[in-house]
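Please open the structure in a viewer and keep the selection tool at hand.

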Amino acid sequence: MPQPLATASLSSFFPSQRTLLGPGPSEVHPRVLQAMARPTIGHLDPEFVRCMDEIKALLQYAFQTQNALTLPVSGPGTAGMETCVVNLLEPGDTALVCINGVFGKRLQQMVERCGARAICLEQPWGEPVDHEQVERLLKAHPEICVLAFVHAETSTGALSDAETLAALARSYDCLSLVDTVTSLGGVPVYVDQWGLDAVYSGTQKCLSAPPGLSPITLSERAQKRIRQRKTPVQSWFLDLSLVMNYWGEGQQRTYHHTAPVNSLYALHEALLMLKEEGLTSAWERHATHHQQLRRGLDKLGIGFVVDKAYRLPQLNTVWVPKAYRDAEVRQYLLKAHNLEIGGGLGDFAGKAWRIGLMGYSSRPQTVQHCLMALEDALQDTLV
């Protein structure tokens, strides 16, 4: 006999309608949600193969690349990170890992789990990667084969100079491994023009698709390194030499895994909307609404953590005013206004809020809602 459920009152789940202004996920446009509800077909169906080809072309546009190895990994941004790390590094390799927030630290942990050595450049949170210190370490350690860094650090809201860092990697004969999880679609990312080698992102930030996929793109230099590996990639599922047999060219695809078909419909629609808007217009929209938010926060006496010279417009990290408790204000916003903002991580835990204006969340009415709700919260939660 099957065991009965302990809870007898289970029914269909209907979540509250939230305004998502945290560090991710961002709000998903109704067009994208509708796309996700279309009929599921087989992951080897010729119609779905056509959808895959279009997703690849749209991702090449978003990344500004002609890389043949461009695809969405079945997994969130962290899976994209791990895909790039495990395919480029083997036991005994050396990588220079730049750490100026949580996700640089995660890169270090993944590098070391590959059996590779991580030389770490640790910098103050809220600051960009210092390219002069990067060059000093590259010069001192010619064994470095990969330079790994976060373009847009989600934990702090700081933007690093990916173009300069990638140029340094090339000049010292190593590959650049770049986290664009929060930057893709929100600020300029030029994979080919900047010479980036292994780049990963996420769908739930400025692309405004549901979480669960990680777009990646690898240069010919990076692909050559994968082809010349002496040891198998430690992860079967993330081995790009196998995945590409499914995401390759033409109608004939080799089964690798059952792709998340409906999530890929959603990504297709989100990328199509980005193309319709145009990359430059999308970047300008994020910048415009950042300025709208900044003016309102100034009036509320809320200051930014990151200097304006390298501040992300789509991920605004601000100091929690001294007379308030971080979690109490965020809980008030959620309960009273159905509005989510993020708390600080690591060094900024309990000290900062992260306000995301990413993708579909970056529009005038959400900024106005955020400022109104914050003003109300600051009146009601004063310690």
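The model shown here is predicted.

Next, select helix α6 itself, residues 162-171. Ala162, Leu165, Ala166, Leu168 and Ala169 are buried in this helix. Viewed down the axis of α6, the buried residues fall within an arc of 155 degrees, so they line one face of the helix. An α-helix has 3.6 residues a turn, so residues three or four places apart point the same way. To see what covers the buried residues of α6, display the elements that include α5 (131-140), β5 (144-150), β8 (175-179) and α7 (191-194). At the N-terminal end of α6, select Asp161, which caps the helix: one of its side-chain oxygens lies 3.3 Å from the backbone nitrogen of Glu163.

Now turn to the aromatic rings; the structure holds six aromatic pairs. Select Tyr190 and Trp194, an edge-to-face pair with 5.7 Å centre to centre and 70 degrees between the planes. Tyr190 is partly exposed, at 24% relative accessibility, whereas Trp194 is buried, at 11%.

Finally, select Arg311 and Phe304: the charged end of the arginine sits over the ring, 4.1 Å from its centre. With Arg363 and Tyr360, the charged end of Arg363 sits over the ring of Tyr360, 4.0 Å from its centre.

Methods. Residues numbered from 1 in each chain as written. Predicted model: local features only at pLDDT ≥ 70, side-chain atom pairs only at ≥ 80, totals over all residues. Heavy atoms only, no water. Buried < 20%, exposed > 50% of the residue type's maximum accessible area, 1.4 Å probe, protein only. Helix = DSSP H or I, 4+ residues; strand = E, 2+ residues; numbered from the N terminus. Arc of directions from axis to C-beta. Contact = heavy atoms within 4.5 Å. Polar contact = N/O pair within 3.5 Å; in protein donor to acceptor, adjacent residues only side chain to side chain. Phe/Tyr/Trp six-rings, centres within 6.5 Å; stacked < 30°, edge-to-face > 60°. Lys NZ or Arg CZ within 6 Å of the ring centre and 35° of its normal.
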